[in-house]
Amino acid sequence: MKNPLIKRIPKELVAEWHKYAVIVIFMVLMIGVVSGMYVGHDSLMASINAGPEEFNLEDGCFELKKKASQELLDDLGKGEMADVRQYFIDKGIKEADGEVAKAIDDNLNEEVTQAIEDGVREQCKAYGITDEQMIKEQIDTALEDNLEDAIEEARKSEDFKKAVEDAYNEAHEEVIKAVDEEWDEIVKRYDLDEESFISVPITIYDHFYREEAEDNNNDGIKDATIRIFKSDSAIDKAAFNAGRAPETDTEIAIDRMHASNAGVEIGDTIRVGNKKFEIVGLLSYVNYLTLHESNTDLMFDSFGFDVAMLTPAGFDTLTSRVHYEYAYKYEEKTEDKIALADMGSRFLKSLITQTLVYDNEIEDFLPEYLRQASNFAPSDIDGDSTTTAVLCYILIAVIAFIFAITINNTIEKEASVIGTLRASGYSKGELIVHYMSMPVIVTLIGAALGNVLGYTAFRNLMVSLYYESYSLPPCGLVWSKTALIKTTIIPLILMFLINLIVIVKKLQLSPLRFLRHDLTTSKRSKARRIPAWSFMKRFRLRILFQNIPNYIVLVFGVIFIELMICFAFGLPDSLNNYADKASEMMFAEYQYMLMGSKDSDNEVIETSEETAERFSAKTLLYPRNNDVSKMRAFGSGKDESITVYGIADNSSYITLGAEGAYISSAFSKKYGLGAGDEISLHEEYENKSYSFDIAGVVDYEGGLAVFMDRNSFNERFDMDEDDFSGYFSRNEIKDIDEEYIATVITADDMAKVTVQLMHSFGAVIDVFKYVLVVLAAALIYLLAKIIIEKNEHSISMVKILGFLNGEIGSLYILPTAIVVIIFAVAGFAVGYSLMIYLFKVIMLQMDGYFMFYMKPESMVLSVVYLLIGYAFVSVIDYFRIKKIPMDVALKNVE
Amino acid sequence: MKEDFLKIKDLKKSFGTGEAKQDVLRGMDFTVKKGEFCVLLGPSGSGKSTLLNIIGGIDTPDSGYVSINGDKLEDMSEKQLTMYRRRHLGYVFQMYNLIPNLNVKENIEVGAYLSEKPLDVEEVINTLGLQDHKYKYPNQLSGGQQQRVSIGRAVVKNPDILMCDEPTGALDYKTSKEILALIEDCNNKFGSTIIMVTHNEAIKYMADHVIKLRDGVVRHNDINDKKIPAAELEW
């Protein structure tokens, strides 16, 4: 016979549906959101990671000033370095030989002519001819008859031959000497002096593009710069988020993110250059996941920059100049960064030398691993998984709490049933299985629905967050093992264990104690003495004491909710605060990073700007795992970029103390470093590391940096004494050619990052706030429900005795209300402090640093939001108390 | 001659519908005088508790009425009914129904709080012999002690009517007699009208008025002129 207790389960589910509904909603929201984050993250990463192969992502690209000859492309394909020295010598000798030959011819002609003239004059003198007119006629005749023969004869003489040889030798020696002098400089500049150069064979693809002005609304005003590639490109292809590739020369496909920002869609017509095109597709180029116009841009700009695709015929109808960009792929495949860097630098040598010998010029060179447009988004998305993990741990803790209190409550409510069943002969095992069934069923329902939402709505929400920022390809749904384990399996196991422990522990009590509802283990023989307040006050205090375990759970719940609310309010506040203070944070209004300290004529790049001050700088990496703080456990191992500055003596921008390395306050706060500590920084693409003893901390919140005096810097990093990397300036520098400027950093650039983040997260954060209010209300609802259920009998009793609903409400709701208010404030304080800590942990996983900040009004609202949630619950509670029938107290009479 | 205080007129009450319909009260009529000790006797299912609940204003009849001092309960709103219970009634239950998180004194104060003319709480505690237990929680008391507290909570209100629903149903013989003596004291000392539901025939001897119920009607309605003190009861 089947265990008849099974029949109770559906009945209890129906009878207690609102309690279980709240638990299910709680679990669905929590599991759904976190699972959605994992699934969204995994789906996007799967799509991004599949991109390079599917869309044939380059390993790098270079742009030449003019179209490359087939011979140049063939030689570049072999990846060998050209013999530039020999090229220069050959070229020099060829030029020199021409000059020498011409000089010899001119000289010979002159000398032979003179000899003939002298001979004629001698003869005329012998014949007594003095008439100059006659003499000149004789000379002309003689020159006409004999010059060529005479020159020919002179050429045959040994003297002449020797003289010619000497002249050529001397010229050749001059050329070699001149080339060698120049060559040393070139070798040094491009580091070409490598005896054992290993060739880097590559496959080269044409990847020509044009840049035009884009006019989205056909008002004749340029809205953006659009970079157009051809639709038949075999490299760096595009994924289509909507529509298709252009098929006629009046059709165009443009970047989806830009289209969304510009407010244009498929079917619209935009003007590109002087021509109108109909948008037929919205795409995502595999090498433009973020719209960085230039690789040196600090932040991408999906408003002012666009990438597009035209048919080759459409491409030819445009009039702007063609950029001769060539993309390449290495024959040898590697993922290793150091190997990639090495291959990149070897190929660059091949490129520099080959373009020289083929008389072309490099306009741009960019290995793929350094390309911001394709690497920024994946690294950002990958970094976000830390936030998800932190949320996940909190989720597990909260679910555990909820189950602990609900199971305890169930056992207390069912005490007489359990006692009767045990007394009737039911075994502990049978009861454990019975009482485990309901939470298991509810959790399974919650987890199943949560996962369904996680894989659908929430996943789409998370994915759309990234789509709001980046030009990502469409992504399919990916099965996420992490999501299942972390959001479902672990909470299920945890719930199972918690229930099991609580039930097993409780069932150790004798059946009699269950029958007597005597489940407390307290040995207290007398009631707690309380002050001689008015009766109602003491009554409330008793209720408060009675529910201390529930209130303890409430504390954790409130802290959790406050933590989340602090995040929801604090993130935008922190971003805005950072943007507002960006200008104060900059130690120089303008920071010009130059491509090098010398221009193409090898002259030092100077400026007439009076406030300009030279500095040296270098980017190194700080290994996150070196962090010795408690946060270490969260470390992902990805290293942090640190800018090392060499600052001029008596700098007007940064004041350094005695000799040594100083770190920025942001660096100090992020990693808990200070004077006396030693840090070791290393190169990203080379096996070189440098250690520094920290002499002090410089107040600079704008970035993670190390400062030292410029002389020490240049010495440390093998730079010339006068070498420098850029200028700090209070005013804009206008007299340095743009081609020599790598980046300019201003407060606006720093703020751009936060503007972009706000654009991406703004709307979702608001939704998140409301979800939190619901979660807060759900949690308080569960706990308040338990408090009222526990006292249902007493409430019914006092009703019979004549207490009014208002009085009962003030007895059973007011203590909870007071507790909630106190906990909301205290929970906020704890949540706020925790958030500061968690923010640091999250920051540790990301590049850069900014402080967690909350506006005072946000702090107030954080508490108010929770109280609004509670206000709803207390209204429900009031009606719940009102609905408790008086016969509850009479039930056990007959 | 005492005046009629509680009047029950043609009271009917049924539960369920159709075939499952069960008539619990099938036209009940009787009156109780002020200060009377009235016992409602009857076997299980006779309608005693339903009748008590209707008199207590926590259930309503299908027809007929209950009036207290001339005021009909059926004319009262929910709030007025609450006020009626608050001002006029004291309740003693078989299972005591004490508030578990209040100590003895506080449980008695629950009654005192509701009354406009409460008795002195300490005096009631002493009268009930609970002075050594007044700071204990209900679960630290024996059944008899809990029932004393329950009586204390009811009488401290100095109620016009003390409703006792099987007050000795869960107690042993000796304790039962002590409890009955206490109730008797209240009747004598404070003049409260007592309505006591019981199925213990022996208790009728201590009452002024004995109403026997069966199948939802009054079978006997007797005035007892020879009542004996609770202490002398035997069963």
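This is a predicted model: local features need pLDDT of at least 70, side-chain atom pairs count only at pLDDT 80 or more; totals for chains, interfaces and linings use all residues.
Axes are lines fitted to C-alpha atoms, for helices over the stretch in contact, and angles run from 0 to 180 degrees between N-to-C directions. Helices (H or I, at least four residues) and strands (E, at least two) are DSSP runs, numbered from the N terminus. Contact means heavy atoms within 4.5 Å; on that basis A:Val417, A:Ile418, A:Leu421 and A:Arg422 of α12(A) meet A:Lys428, A:Leu431 and A:Tyr435 of α13(A). By class, this contact has 5 nonpolar, no polar and 2 charged residues, where Ala, Val, Leu, Ile, Met, Phe, Trp, Tyr, Cys and Pro count as nonpolar, Asp, Glu, Lys and Arg as charged, and the others, Gly among them, as polar.

Local features need pLDDT of at least 70 and side-chain atom pairs count only at pLDDT 80 or more, while totals for chains, interfaces and linings use all residues. Side-chain values use heavy atoms, without hydrogens and water, residues are numbered from 1 along each chain as its sequence is written, and chains are lettered from A and ligands numbered from 1 in the order in which they are written.

Strand β19 (residues 726–729) of chain A is covered on both faces: A:Gly726 and A:Phe728 on one side, and A:Tyr727 and A:Ser729 on the other, are all buried. Buried means under 20% relative accessible area, exposed over 50%, and partly exposed in between (1.4 Å probe, protein chains only). Within the pairings tabulated below, A:Gln591 stands opposite A:Phe728, and A:Arg614 stands opposite A:Tyr727. Two strands pair if DSSP finds at least two bridges between them.

| Strands | Sense | Bridges |
|---|---|---|
| β12(A) (residues 590–594) and β19(A) | antiparallel | 4 bridges |
| β13(A) (residues 613–622) and β19(A) | antiparallel | 3 bridges |
| β3(B) (residues 37–41) and β9(B) (residues 209–214) | parallel | 4 bridges |

Chain B has 6 helices and 10 strands, and 58% of its 235 residues are buried. An open sheet of 6 strands in this chain has the order β6-β7-β8-β3-β9-β10, with mixed pairing. Its edge strands, β6 (89–92) and β10 (217–223), each pair on one side only. The twist averages 15° from one strand to the next. B:Leu41 stands opposite B:Lys212 in β9(B). Helix α1 (residues 48–55) of chain B lies across β3, β6, β7 (161–165), β8 (193–198) and β9, running at about 150° to β7(B).
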